[in-house]
Amino acid sequence: MAGLATAGVLATVDAQKAAAQAASESLLRTVLDRGKLIVGTGSTNAPWHFENDAGELVGMDITMGRILAKGLFDDPTKVEFVMQDPAQRIPNVTTNKVDITIQFMTMTAQRSQLINFTRPYYVEGVALLTLPSAENKTFDKLLAGGSATRISILQNVDAESSVHFALPQAQVMQIDTQANVLQALESKRVDAAAVDLSTVRWLASRNPDKYFDAGKSWYSMLYGAAVRQDDLDWLTFVDQTFTIAMFGHETALYDAAFKQYFGQEPPPRHPGFPVI
């Protein structure tokens, strides 16, 4: 065991030396020389990026930034978070105002023409939030309700088709804000609210007396971090760091955040075939 521990220390040192030899034009070298990571993110969207009761910036996106800082400096605190509007997620990367954007960003082919996405760190989806006291709180009951089932969802061009993908006969109530989508559920004007899967898990795990996860999700959407194009060294380093944190031997930060923000344990990783 002592030999394994020594090997681990040497591997860390060797990795730091190798990273320091990255091409001088790569952002990897720039970040290492600077001594801190600069991450573009937000501060108002739980469970991804928000301020806790102590005024600290926390969330799953924030954890991914700290994971990357730990990979760079063996210190998750060596990171500066820059607050940015969602509209600045791509411009701030392409103009080098931030090293990376980690801000619940859905991967699309159109966005990939402007920036490079890292490997996904979460698979988002649409899910159903119901009331724990409701008789029809489960997906099966909602489906069985047919045209009597009422669903609230944020107003958008795909709202009707999105709900009807899972509940073909349901009545769809399109509402102007996410807060009002939830308020419609709380006031029992609808039977369920169709929101992001992460939101369902966050609310149901923190307020089990108020919200219930109906047990249905659909429309997989990949969340990835954004980095500038034409820098393979930086992209590769971030990808490998995220992979190790999610599937390798350093999963403590990711697992703790997944449990805290989504109320679930990540699936076990088994040595052998690399299901990553």
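The buried residues of helix α8 pack against β3, β8, α7 (178–186), β11, β12 and α10 (252–262); contact here means heavy atoms within 4.5 Å. The model is predicted, with local features requiring pLDDT of at least 70 and side-chain atom pairs counted only at pLDDT 80 or more, whereas totals for chains, interfaces and linings use all residues. Residues are numbered from 1 along each chain as its sequence is written, and side-chain values use heavy atoms, leaving out hydrogens and water.

Helix α8 spans residues 197–206, and eight of its ten residues are buried. These are L197, S198, T199, V200, R201, W202, L203 and A204. Buried denotes under 20% relative accessible area, exposed over 50%, and partly exposed in between (1.4 Å probe, protein chains only). Helices (H or I, at least four residues) and strands (E, at least two) are DSSP runs, numbered from the N terminus.

Strand β8 (residues 122–130) is likewise mostly covered, with eight of its nine residues buried.

| Strands | Sense | Bridges |
|---|---|---|
| β8 and β12 (residues 212–223) | antiparallel | seven bridges |
| β8 and β11 (residues 192–196) | antiparallel | four bridges |
| β3 (residues 49–51) and β4 | antiparallel | two bridges |

Y122 has Y223 of β12 as its bridge partner, while V126 stands opposite D196 in β11.

Strand β3 belongs to an open antiparallel sheet of three strands in the order β2-β3-β4. Because β2 (44–45) and β4 (57–58) stand at the edges with a single partner strand each, one side of each is left without a neighbour in the sheet. E51 has L57 in β4 as its bridge partner.

Technical notes. Two strands pair if DSSP finds at least two bridges between them.
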